[in-house]
Amino acid sequence: QVQLVESGGGLVQAGGSLRLSCAASGRTFSAYAMGWFRQVPGKERVIVAAVSGNGYNTYVAASVKDRFTISRDNTKNTVYLQMNSLKPEDTAVYYCAADERLRVANDYAYWGQGTQVTVSS
């Protein structure tokens, strides 16, 4: 079992920045790929970014490329999502997820409770 707790969401003006954190506990953190997903009401949860267990491989969705960066610190059992140049369309609930394999599908094995990000225009 892996427990995930997100933090760092909030309200920010367009053009601003936020850094989301996801603290993991339970099994060996470095054994898991980590992903950040987001979801707006009435729509499917979609991948934003993902990183492999050792941090060497990353994926960033085209819609946020050059603005968002995913990273992880295996000594702190934490994964981060740095979000810059935020736009109103980035408004969503952001979820952290863990799985043995890095992939873009939203069927990761473990999920956090989500953190709201609201970008005002």
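A salt bridge is taken here as a side-chain nitrogen of Lys or Arg within 4 Å of a carboxyl oxygen of Asp or Glu. The model is predicted, so local features need pLDDT of at least 70 and side-chain atom pairs count only at pLDDT 80 or more, while totals for chains, interfaces and linings use all residues. Residues are numbered from 1 along each chain as its sequence is written, and side-chain values use heavy atoms, with hydrogens and water left out.

Searching the whole structure under the salt-bridge rule gives 4 salt bridges. Side chains of opposite charge can pair when their charged atoms come close. In one of these bridges, the side chains of aspartate 90 and arginine 38 meet at 2.9 Å, N to O. This pair links distant parts of the chain: aspartate 90 is in the loop between strand E8 (78–83) and E9, arginine 38 is in strand E4 (residues 33–39), and the two are 52 residues apart. Strands (E, at least two residues) and helices (H or I, at least four) are DSSP runs, numbered from the N terminus.

Where a residue is called buried, its relative accessible area is under 20%; exposed means over 50%, and partly exposed lies in between (1.4 Å probe, protein chains only). Aspartate 90 counts as buried because its relative accessibility is 0%. Arginine 38, at 13%, counts as buried as well. Arginine 67 is also buried.

A further salt bridge joins the side chains of aspartate 99 and arginine 103, at 3.0 Å from N to O. Aspartate 99 has a relative accessible area of 10% and is therefore buried; arginine 103, with 14%, is buried too. Through shared partners, salt bridges join Arg38, Arg67 and Asp90 into one network.

With a disulfide defined as a pair of cysteine sulfur atoms within 2.5 Å, the count comes to 1 disulfide. Cysteine 22 and cysteine 96 are the residues joined, with an S to S distance of 2.1 Å. Distant parts of the chain are linked by this pair: cysteine 22 lies in strand E3 (residues 18–26) and cysteine 96 in strand E9 (residues 92–99), 74 residues apart. The angle about the S-S bond is -80°, and the link is left-handed. Cysteine 22 and cysteine 96 are both buried.

Next come the aromatic side chains. Rings of Phe, Tyr and Trp (its six-membered ring) pair if their centres lie within 6.5 Å; planes under 30 degrees apart count as stacked, over 60 as edge-to-face and the rest as tilted. The whole structure holds 5 aromatic pairs. In one of them, the ring centres of phenylalanine 37 and tyrosine 108 are 5.2 Å apart and the planes stand at 75°, so the pair is edge-to-face. Phenylalanine 37 is in strand E4 and tyrosine 108 in the loop between E9 and E10, so the pair ties together parts 71 residues apart in sequence. Both phenylalanine 37 and tyrosine 108 are buried.

Phenylalanine 37 also pairs with tryptophan 111, in a tilted arrangement with 4.9 Å centre to centre and 55° between the planes. Tryptophan 111 lies in strand E10, so its pairing with phenylalanine 37 in strand E4 ties together parts that are 74 residues apart in sequence. Phenylalanine 37 is buried with a relative accessible area of 0%, whereas tryptophan 111 is partly exposed at 25%. Ring pairs link Phe37, Tyr95, Tyr108 and Trp111 into a cluster.

Two arginines lie over aromatic rings. A charge sits over a ring if NZ of Lys or CZ of Arg is within 6 Å of the ring centre and within 35 degrees of the ring normal. The charged end of arginine 45 is placed over the ring of tyrosine 95, 3.6 Å from its centre. Arginine 72 lies over the face of phenylalanine 29, 4.3 Å from the ring centre. Phenylalanine 29 belongs to the loop between E3 and E4, and counts as buried because its relative accessibility is 5%.
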